[in-house]
Amino acid sequence: MTKQQLRAIARKHGTPVVVIDHDIIRRNYAEFRRHLPKVQAYYAVKANPAPEIVRTLYRAGASFDVASLPEFMLVCENIKGLSPKAQQDFIWDKIIYANPTKPKETLDVLDRYRPLVTYDNVNELDKIKRYAPHAGVVLRLRVPNTGSMVELSSKFGCDAGEAVDLVLAAFRVGLVVEGLSFHVGSQCTNFENFVQALNMAAAVMSESRSRGHALKILDIGGGFPAAYNRHVRPFSALARKINAEIARLFPDDIEIIAEPGRFLVATAATAVSRVIGKAVRDGKTCYYIDDSVYHTYSGIIFDHCQYPVKAFKRGHTEICAVFGQTCDGLDVLSQAEELPDLAIGDLVYSENIGAYSNASSTWFNGFPPAKVVHVNQ
Ligand SMILES: *Cc1c(COP(=O)(O)O)cnc(C)c1O
């Protein structure tokens, strides 16, 4: 998106506005497939659940990772060609329900789709057996999340030492364990996490095989880092490591899937907002904009992510603070942003804000979520 295009969209649609460029989503998906050709990508819908994105990725060949019943239904409704009957055959190829904890009411509805669902403890297994006996199950392993921007290992995954017992427990109650999954933590820039996780999964698979249960699916999860800045090492370097470990550790006929969320959508969106207030505090210029951490910038709080705020205007810059529109003191976008002298009404923007951003927007303080504009659909 050129600055001119962004300004034109803000003029036409008003602010705050989030512009999602589907060319970039398709490019990210193609890059994922090019570097990990043996891995089917299941887009993690929670990163950005816009139905337009689901449709674009489905057309490109992606499958989907969902973590709630509404996400499951959203995907079903947006992937064409899946009649209720076809769903019986194709559902695993297109959807995995990867939230290890599921309400029993959800399992009850999911059961008629014969879904693929994850678990990481015996209580969940009992629930699946009782409410979704037709599901295939995937055991989620707990793996190191060292250095990842968002850590998941304290909430999800069984320890390696109990994994084989959990596989056996599932078969004992008549469920079929189809595979193993893990998540190395979101925005994982420490590639060793993937290496260690793959080695742990290989050990569990091999012991499971020796106990009479060969598992068919390896789900390497999400965590693939988006190129937020030049410090993020290229995806190709990570993919080389993953491919080498997979070739070394797993049989050729294993089916490998992944659940990229952020990697596919983060770089596809730009938020444009407007300066609505300006003050000087302790000698520092403070700008107030018509978006907030309760809205498009929610990732600052929930995703531990920073989005530099940039001006369209040029000129001598100084360090400023940028605050959101709400009346909450937590609503700080940045205490140190390099900006030129801006006037009320001027536009500002933030790039790479497509993941975990407007997805968790609220109506706090009465301000509605930003409008979303899709381009190059
Ligand atoms: C959130 C999530 C993902 C996506 O993670 P990213 O870091 O955005 O790639 C994948 N799988 C599961 C189970 C998740 O919870």
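User: How do the residues of the shell around the ligand divide into nonpolar, polar and charged?
Analyst: This is a predicted model. In it, the shell around the ligand has 4 nonpolar, 5 polar and 5 charged residues.

User: And which residues come nearest to the ligand?
Analyst: Lys46, Ser186, Glu259, Arg262 and Tyr356, out of the 14 residues around the ligand.

User: Take Glu259. What does its side chain sit 2.5 Å from?
Analyst: A nitrogen atom of the ligand; the distance runs to an N or O atom in the Glu259 side chain.

User: Which polar backbone atoms lie by an oxygen atom of the ligand?
Analyst: Gly261 has a backbone N or O atom 2.9 Å from a ligand oxygen. For Arg262, a polar backbone atom is 2.8 Å from an oxygen atom of the ligand.

User: How much of the ligand does the protein bury?
Analyst: The protein buries 92% of the 390 Å² that the ligand exposes when taken alone.

User: Which pocket is that space?
Analyst: The ligand takes up the space of the largest pocket.

User: Changing topic. What does the domain assignment give for the protein chain?
Analyst: Domain 1 is made of 3-18 + 267-375, and domain 2 covers 22-266.

User: How many residues does the contact take from each domain?
Analyst: Domain 1 gives 15 residues to the contact and domain 2 gives 19 residues.

User: What separates the centres of the two?
Analyst: The centres of domain 1 and domain 2 are 33 Å apart, taken over C-alpha atoms.

Terms used: Residues numbered from 1 in each chain as written. Predicted model: local features only at pLDDT ≥ 70, side-chain atom pairs only at ≥ 80, totals over all residues. Heavy atoms only, no water. Near = heavy atom within 4 Å. Polar contact = N/O pair within 3.5 Å; in protein donor to acceptor, adjacent residues only side chain to side chain. Areas by Shrake-Rupley, 256 points an atom, 1.4 Å probe, with all protein chains shown as cover. 1 Å grid on protein atoms, 1.4 Å probe; cavity = no way out; pocket = protein on both sides within 12 Å on 5 of 7 lines; lining within 4 Å. Sits in = over half its atoms within 2 Å of the grid points. Nonpolar A, V, L, I, M, F, W, Y, C, P; charged D, E, K, R; others polar. Domains from an automatic or database assignment. Contact = heavy atoms within 4.5 Å.
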